[in-house]
Amino acid sequence: RGRAGDELLRVVGKRMGACLRRNDTLARFGGDEFVILLPDQGRDPQALAPLLEKIRVAVTEPVQVAGQSVQVSCSMGVVMYPRDGIDANALLMNADAAMYRAKDLGSNNVQFYAREMNASVEEKLVLLDGLRQAVQATSDGALDNGFRLLYQPKVDLRTGRVFGVEALIRWQHPEHGMIAPQRFIGLAEESGLIVEIGDWVVREACRQARAWVDAGLPLVTMSVNVSARQFEEARLVERVACALRDTRLAPELLELEVTESLIMRDLQKSVAKMRELEAMGVSLSIDDFGTGY
C-alpha cells in the first residue's frame, strides 16, 4: 500500500515537472503536498491561469498504480511575491491558507491568497488541536471534554414499535458545549483522526447495545455511520470484529451505514469488504441513496 502511494506521488510529480520551464522549481513539501516556485511571472495573477490549468489537467489524469486506475484531485493555493509575503515562511503559510480555501470549495479548485483567509486557517488549526485533545480525553474517559453518542430511535409507524436506533456523535467541548458533527467531521476526515474517532464510535455503540441487552430490553438494531476514510482503512473489518467480540454483541444487532458515493469510489474493493462484513453477520445499509450514482 505504501509502495503504491509512493509510485502515485512519483508519477504526479513527474507530470507537474513536465508542465514547468527550466528555471521553475518543483519540490515535494510533505505528504501529498507540492510547492512550485515560478520566477519572472510578473504581478498579474490572471497571467498564471493557463499554466495552473495545465498543471491541474496533468495531475487529475488517471494513473495506473499496482494494476489499477487511480484518479486524484488537485487543490491549489497561489501567492504572489512580494504582495502576499516577503519571506519564505510567510509565502508558504499564506499559500497553505489559500490551498485550504480551495479544498473547502471542492476538489480541483484554485484559490489566490487573500488576507481574510488566515483567520479561517487559524480557526481550523485551533479546532484541529481541540479535536486531538478530544480524542485523547475520550480515550482517557474524561467527562469535561470528549465525544458522546446520542441514540435516535427508529420507529415502525404502523405499530409504534422501536426496532432500531442510530448512533449520533457529538463533541462535548469544555468551552463551547455540545458541538454538532457538521463542525468537525470534515476536519477529522481531512486530518485522518476520523479513523480513531470512528473506531471509538463503533466500539461505544456496541457497548451500549450490549448494555441494553443485559438490562433485558427488547432487541434493537444499532446503526452506525461509517465515513469514507474509515471504510477505506485496511483494518476496518478486523476493528468491527474486535468491537463485537470485546462487547459480546451479536453481529446481527449491528448495522453499518455507508454512502452510495463512497461505495462507488472503488466498487470492487467496496463489495469485497461489504461481503466480509455480511459473512460476519453485520448488516449494511446505503445512506444518501439516489443522491449520487
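The crossing of helices α8 and α10 is right-handed, a crossing being right-handed if the near helix is turned clockwise from the far one by less than a right angle, and left-handed if anticlockwise. The structure is a predicted model, in which local features need pLDDT of at least 70 and side-chain atom pairs count only at pLDDT 80 or more, while totals for chains, interfaces and linings use all residues. Residues are numbered from 1 along each chain as its sequence is written, and side-chain values use heavy atoms, with hydrogens and water left out.

Helices (H or I, at least four residues) and strands (E, at least two) are DSSP runs, numbered from the N terminus. Helix α10 comprises residues 267–280, and its axis lies 10 Å from that of α8 at an angle of about 20 degrees. Axes are lines fitted to C-alpha atoms, for helices over the stretch in contact, and angles run from 0 to 180 degrees between N-to-C directions. The two helices α8 and α10 are therefore roughly parallel to each other, the term for angles under 35 degrees; those over 145 count as roughly antiparallel, 65 to 115 as roughly perpendicular and the rest as oblique. Helix α8 (residues 236–247) also packs against α6, their axes coming within 9 Å and crossing at roughly 30 degrees. That angle makes α6 roughly parallel to α8. The crossing of α6 and α8 is right-handed.

Strand β8 (residues 162–173) is joined to β7 (residues 146–155) by ten bridges, and the two run antiparallel. Strands are taken to pair if DSSP finds at least two bridges between them. Within this pairing, R148 has R170 as its bridge partner, and V155 has V162. The β7 and β8 strands form a hairpin with six residues between them, and G160 in the turn has a positive phi of about 80 degrees. Strand β10 (residues 221–225) runs parallel to β8, with three bridges between them; E166 stands opposite S223 of β10.

The second largest pocket holds about 340 Å³ of space. Of the 17 residues lining this pocket, A167, I169, P181, I185 and N225 are the closest to its centre. On a 1 Å grid over the protein atoms alone, a pocket is an open set of points with protein on both sides within 12 Å along at least five of seven lines, a cavity is a set where a 1.4 Å probe fits but cannot get out, and lining residues have an atom within 4 Å of a point. Grid points are joined across faces, edges and corners, and the volume is the space filled by probe spheres set on the points. Strands β8 and β10 and helix α6 (193–214) each supply at least two lining residues. The lining divides into eleven nonpolar, four polar and two charged residues, where Ala, Val, Leu, Ile, Met, Phe, Trp, Tyr, Cys and Pro count as nonpolar, Asp, Glu, Lys and Arg as charged, and the others, Gly among them, as polar.

Elsewhere, strands β1 (residues 25–30) and β2 (residues 33–37) run antiparallel and are joined by five bridges. In this pair A27 stands opposite V35 of β2. The hairpin of β1 and β2 has two residues between the strands, and G31 takes a positive phi near 60 degrees.

Backbone features also occur in loops. A cis peptide bond, with omega about 0 degrees, joins Y81 and P82. P82 is placed in the loop between β5 (76–78) and α3 (88–104). R248, a residue other than glycine, has a positive phi near 60 degrees; R248 is in the loop between α8 and β11 (254–259).
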